[in-house]
Amino acid sequence: MQLIKRIRRAVMYAAAGLALATTGIGVHAADIDSIHFLIPGGAGGGWDGTARGTGEALTKAGLVGTASYENMSGGGGGKAIGYLIENADSQHGTLMVNSTPIVIRSLTGVFPHNFRDLTLVAGTIGDYAALVVPKDSPHGSASDLIAAQQANPTSVAIGGGSVPGGMDHLVAAMILEAAGSDSTSLNYIPYDAGGKAMAGLLSGEIAALSTGFSEAVELANAGEVRILGVTSDARVDAAPDAPTLKEQGIDTTFVNWRGFFAAPGLPADMLAAYQGVLAKMYDTPEWEAVRARNGWVNIHNSGDDFKAFLESQETVIGDLMRKLGFL
């Protein structure tokens with residue numbers, strides 16, 4: 001049986017004009033030749049890391065031949081969404097990464113489109129949020145930071161890689177509310193993507209940063225920053241020294257999903273191919289290496305399940321934003 005399989009593989013490779021050395025590991029042709037990832041924010045942010053990490057896993061696992069990446073900042077992510085919609089016929093080879101902000105920003109009217117205007121491919125991961133300070137910050141815990149903010153709100157600026165009323169702002173407000181503080185007193189400083197926000201933290205422009213856990217974990221493990229609190233129920237293996245907010249008496253949890261969208265009108269066979277490689281990705285060691293490195297949680301919602309998930313989140317987030325005064 002093994003000999004027959006090897007002969008079949010050899011015939012397939014010859015027919016395709018490929019010069020591959022057999023290793024006995026079952027090398028196979030990629031399911032998709034190439035994917036172009038459209039990233040609605042700058043380098044170094046959560047969208048950027050998710051797109052590049054997914055592309056890394058798909059190509060190294062042999063599911064996709066090549067992956068390319070394009071950062072398109074602007075309008076809180078709206079520029080990239082508008083571009084994908086306006087150029088739909090020429091973007092069938094493109095997957096755009098997005099996350100909870102596509103729901104938040106459409107609710108607040110930052111851009112006129114919402115997820116229903118795109119082809120829903122799949123939700124792939126979850127990323128906890130984190131409250132981060134420089135390594136030499138005088139604030140030793142989340143409670144210390146919030147006490148300082150309560151004493152003098154304007155002097156304790158908390159930044160984030162999203163627009164005012166965006167996800168990083170919303171998470172910081174949720175933390176303050178859970179700690180018994182007034183969320184409307186928050187001095188929030190917005191940056192264009194997580195990389196610039198982290199640079200603002202390290203330069204001393206802000207006292208703390210509300211960001212994705214995966215954006216902070218590498219610098220935290222290198223000793224450049226300290227994570228005061230994570231919005232998870234339990235400590236995350238990627239940074240076991242980082243305490244949760246709950247264990248500090250701040251009863252709040254949050255996980256930001258991330259996933260992929262395609263241009264409207266994507267042919268059904270291409271949609272099925274994209275969904276197929278993303279589903280297969282979870283069973284590869286290449287994906288597990290990327291996931292573990294970033295502290296992501298596997299949250300796979302595809303097709304109709306993805307749509308139902310987004311509609312549910314739209315309701316929950318909308319109610320929360322109205323409660324906090326953002327709508």
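Two strands pair if DSSP finds at least two bridges between them. Helices (H or I, at least four residues) and strands (E, at least two) are DSSP runs, numbered from the N terminus. β4 and β9 run antiparallel and are joined by 8 bridges.

First, the ground rules. This is a predicted model, in which local features need pLDDT of at least 70, side-chain atom pairs count only at pLDDT 80 or more, and totals for chains, interfaces and linings use all residues. Residues are numbered from 1 along each chain as its sequence is written, and side-chain values use heavy atoms, with hydrogens and water left out.

The pLDDT is the predictor's confidence in each residue, from 0 to 100. Its mean over the chain is 87, and 91% of the residues reach 70 or more. Residues 1–27 have a pLDDT below 50. Beyond near neighbours in sequence, this stretch has 8 contacts in the model; contact means heavy atoms within 4.5 Å.

Back to β4, which covers residues 119–134. Of its 16 residues, 15 are buried, where buried means under 20% relative accessible area, exposed over 50%, and partly exposed in between (1.4 Å probe, protein chains only). Follow its partners. Asp127 stands opposite Asn256 in β9. Strand β10 (residues 297–302) runs antiparallel to β4, with 4 bridges; there Ile125 has Asn298 as its bridge partner. β8 is also antiparallel to β4, over 5 bridges, and Val132 is bridged to Ile227 in β8. β7 pairs with β4 in the antiparallel sense over 4 bridges.

Thr211 counts as buried because its relative accessibility is 3%. Leaving aside neighbours within four places in sequence, Thr211 is in contact with Tyr128, Ala129, Ala130, Val132, Asp168 and Ala216. Its side chain also makes a polar contact with the side chain of Glu215, at 3.1 Å. A polar contact is a pair of N or O atoms within 3.5 Å; within protein, one must be able to donate a hydrogen and the other to accept it, and residues adjacent in sequence count only if both atoms are side-chain atoms.

Thr244 sits in the loop between β8 (225–230) and β9 (255–262). Thr244 is buried, because its relative accessible area is 2%. The side chain of Thr244 reaches the backbone nitrogen of Glu247 at 3.0 Å. Not counting residues up to four places away in sequence, Thr244 touches Gly229, Val230, Ser232, Asp233, Ala234 and Arg235.

A parallel pair comes next. Strands β5 (residues 157–160) and β6 (residues 187–190) pair in the parallel sense over 4 bridges. The chain crosses from β5 through helix α6 (residues 167–178) to β6, a right-handed β-α-β crossover. Right-handed means that, with the strands pointing away from the viewer, the path from the first strand over the helix to the second runs clockwise.

Last, helix α2 (residues 46–60). Its 15 residues should span 21 Å at 1.5 Å a residue, and its end C-alpha atoms are 21 Å apart, so the two agree. The expected span is 1.5 Å times one less than the number of residues. Among the buried residues of α2 are Trp47, Thr50 and Leu58. Beyond neighbours within four places in sequence, Asp48 is in contact with Ile39, Gly42, Ala43 and Asn71. After α2 comes Gly62, with a positive phi near 80 degrees.
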